[in-house]
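Dear colleague,

I am passing on a structure for you to look through, with some notes on its aromatic contacts below it. Please read the notes with the model open beside them.

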Amino acid sequence: MARSTSRGSNSSPNGLLTVTIAGGRHDHVDPASNNEEDDDELVDPDDPFDVIHTKNVPLQTLKRWRQAALVLNASRRFRYTLDLKKEEEKEQKKSMIRAHAQVIRAALLFRLAGERELAAPSLAAPTPDGDYAVGLEQLVSMFKDQNVLALQHYGGVRGLADILKSNPEKGISGSDIDLSKRKIAFGTNTYPRKKGRSFWRFLWESWQDLTLIILIIAAVVSLALGIKTEGLEHGWYDGGSITFAVFLVIIVTAVSDYRQSLQFKNLNAEKQNIQLEVTRGGRTIKLSIFDIVVGDVVPLKIGDQVPADGVLITGHSLAIDESSMTGESKIVQKDHKAPFLMSGCKVADGVGTMLVTGVGINTEWGLLMASISEDNGEETPLQVRLNGVATFVGIVGLTVAVSVLAVLLGRYFSGNTKDVDGQVQFVAGKTSISDAVDGVIKIFTIAVTIVVVAVPEGLPLAVTLTLAFSMRKMMADKALVRRLSACETMGSATTICSDKTGTLTLNQMTVVEAYAGRKKQDPPDDSSKLHPEVLSLINEGIAQNTTGNVFVPKDGGEAEISGSPTEKAILSWAVKLGMNFDLTRSNSTVLHVFPFNSEKKRGGVALKMGVSGVHIHWKGAAEIVLGACTQYLDSNGQLQSIEKDKVFFTEAIEDMAVQSLRCVAIAYRPYELDKVPSKQEDLDKWSLPEQELILLAIVGIKDPCRPGVKEAVRLCSQAGVKVRMVTGDNLNTAKAIALECGILSSKEEAVEPNIIEGKTFRELSEIEREQVAKKITVMGRSSPNDKLLLVQALRKLGEVVAVTGDGTNDAPALHEADIGLSMGIQGTEVAKESSDIIILDDNFASVVKVVRWGRSVYANIQKFIQFQLTVNVAALVINVVAAVSAGEVPLNAVQLLWVNLIMDTLGALALATEPPTDSLMRRSPVGRRESLITNVMWRNLVIQAVYQVTILLILNFGWQSINLGDDQDSKSHSLQVKNTLIFNTFVLCQIFNEFNARKIDQMNVFKGVTKNRLFMGIVGMTFVLQILIIEFLGKFTSTVRLDWKLWLFSLGIGIISWPLAVVGKLIPVPKTPWSRTLKKHIRRLKKSRTTAAAQPQ
């Protein structure tokens, strides 16, 4: 069977029977090979928990593992997994709203066809609404019907802007009074959200546990029988104490789950709070999508989300992806004939500006979002694997519980069970029915309680707990998690493919070198050294061929420049050269725009200059624009052939690139107006001439390395994570930055294929790409498709790939990668939606922090597993041995419920919220198929469990010989003291063992413990509660007070677990997991049987 490489196929079996691939890496293997090592990497079709990737996994796979899981409380266990039923309902609602949009569109086309034949009907005059000459209903109706005639009736988009007291160029004033009036008249850009679950809902769901319900029923029956036989004063203790213990478990569980839900709710709100640019009072400002109001003027560019309903003011090649509303992946061109822009859609291409006409619940997107609830549900690989562990352990526990029930019932009815005074509890024909029922209920209660302890219901939920904790802390580290599974997967990352600009560098760009007219400008912003004609053309090209803006305050303050960092740097340079932005733009008319394209690495604009002249300006990657130039303007403003000076300009570009400068060339060419298409439809499809250009200037833009990046790269290398730089910049610029950041260790390393151009990599065959991909450290002049090809090649080689991206075209690579990391500042909405984690400060150091947290999640879960399974094994063995040999159990139902609370909720809180340590970054990446329970964990677990079981069995059967009690005690009291001591010793062993679980493979388990206040608080609280239970709540727990000698004895037994853990860690264990060895033996046995069966008799 061939090894699959698709997402969702690199799966691991359940947590107990898994295998390891060091660092998640492997080389190509012949699919036909029978090598047993390769078999470890195969997906097990019989294991429903063999799901390592949960992103884009088929729903059938999700249903399969749910059906296979042994679950006591489905509503709690599956709360934070994807609600498959709700998902289907959500899709149905979306399709209904989309169908509505399709009907409107069809009706619109039908009506337009009819209006070509008939005269246009008269429209009613606008109905004033407060301060505005148009009402909310009319705006909603116009947009809903896509009514172009109504828009024309208002005077087109400019007339509508006047009615809404807005300006198509400068927007609204933005004063508090103005904003308040607009919100009153037209609403806010928010929608009513469905209320989250209340605390009472969590309390109710905690009740749904089958075992707890059985215990409550048993407690009620026991309560009734107890009151009947012993009277109200003493008869209510047994039933009442179980009831109280169950209520305590339910309340603590509900509080813990409710706190988690609030954390997820806050994170969801953060995800929806999109920041965007808006023009108000002529100034471009950034604000939240929720602050958009009707009348706002919003600039749009590739990758943006349309923030509200609106109409197009101006647009060039503007194409909108309306699939989020229509369900069809069809790109719709927008122009004056189709000017309506739907909220929630994405800009697929081009640029434009829109006038907002509808917000919030008055848009179809608002209706859609209000009708569907935000679902936190999402599988994570660890959740699925831990459900496998919980199911396996639960089946063992259930078997043990049934065995104990059978043994105790058999002993009881055969007359072998005696009370504390040595009297036989059941004698056929003599024991009353109520006494017999009471005895059976007590036995049944113990068996059910063993199930409660044995089935680790909290194990899969511990993942959610540690993820919720990690996500909250990661927000402080400038990382917003969009998909839970990304937290875990990041711990397995073996390589990070990082952008350069803004991630490894500061994104604070300034022009530090400039060449114009075959001369280097020193300083670069000295306009006196430029010929007036050259200066005029440079200013013209920069002012018009930009998506940025320059706002000069009326009071004469410093100009405010907005746009991308590159645009801001070039605009700042032009302003220093004396450019008047608004005046320069008013001197020409834009005919057509070719927005900057990451494939072509350049953008252009065609300008009408008066009656017949046309200028076409280009700006982009220096060597690409230079290659399209045939002439240049010299320092005297004269045209010169570029052929003889091409070497000079090429060397100038290389010199700047070696200094790690981003090189941008500015060029233009004159064009005849009669060659420009006259019809708008033809003009929209016109390709700007991009050859025979005249070079105006080449600028070098400095973008310094971020402080701390070199250390972050060193940490990654130390942790076994290779950092690769993938950039659209010149290869020399990329090499210089890579050397500065430490990605390349020396100049000798900077040779092909370690550094490679995207074009070279792209032209390789698929097999060659895979051979080269492993060696690539820097890829320059790469397109988004080159990044995608690199990701695919690396994943086929078994790498766990994290990729950073900010552009719309990066979306496929972000989606394909194991972990997609989008940039919070420069990233487009399309990139963010395709990513798993948003790096809020665009900083590579934050990416490395995410790796730390990813490893911490895995480590914390392992700590909790070791702790919980130790409790499971010890509690089960002591009760089984005691039940089979003596017919009674030393730990009763209430005591086991308290142990379950320590083990489940409190243990998870203490261990699953440990912060990451530096030691995590000194390990190799966590293998994606690595066993959850390692050999080291098995060793620690077995040592502690054997120690606890041995001590407790000695106390149980050798109590009289130890003789720690008072010789004068009655037999019944002595038995109670013994059982109390066993219970107390057992709980204290768990408290001390909780410290051992903190450091699975380190000697010093106390390192950093005081920094984790939650851990210290929970351990302290558990100890105090244990004292209260023993000393003051004996009636409820069937315990008696212990004297100071017995307390010291219990503490001594517990403390011994610390040195025992140290000694245990000196015992060597094989690196190969025992689970892998076991699987090999099973596989060999199956093969030998198959071979024997196939041989002729």
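In this predicted model, a single aromatic cluster is formed by F992, F995, F1006, F1015 and W1058. Within that group, the rings of F995 and F1015 have centres 5.2 Å apart and planes at 85°, and because an angle over 60 degrees counts as edge-to-face, the pair is assigned to that class. F995 belongs to helix α36 (residues 971-998) and F1015 to helix α37 (residues 1013-1032), so the contact ties together parts of the chain that are 20 residues apart in sequence. F995 is buried, its relative accessible area being 9%, and F1015 is buried as well, with a value of 0%.

As for accessibility, Y515 is buried at a relative accessible area of 9%, whereas F648, at 25%, is partly exposed.

Two contacts between a charge and a ring may also be of interest to you. K165 lies over the face of Y132, at 5.5 Å from the ring centre, while the charged end of R602 is placed over the ring of W618, 5.8 Å from its centre.

Definitions and conventions:
Residues are numbered from 1 along each chain as its sequence is written. This is a predicted model: local features need pLDDT of at least 70, side-chain atom pairs count only at pLDDT 80 or more; totals for chains, interfaces and linings use all residues. Side-chain values use heavy atoms; hydrogens and water are left out. Buried means under 20% relative accessible area, exposed over 50%, partly exposed in between (1.4 Å probe, protein chains only). Rings of Phe, Tyr and Trp (its six-membered ring) pair if their centres lie within 6.5 Å; planes under 30 degrees apart count as stacked, over 60 as edge-to-face and the rest as tilted. Helices (H or I, at least four residues) and strands (E, at least two) are DSSP runs, numbered from the N terminus. A charge sits over a ring if NZ of Lys or CZ of Arg is within 6 Å of the ring centre and within 35 degrees of the ring normal.
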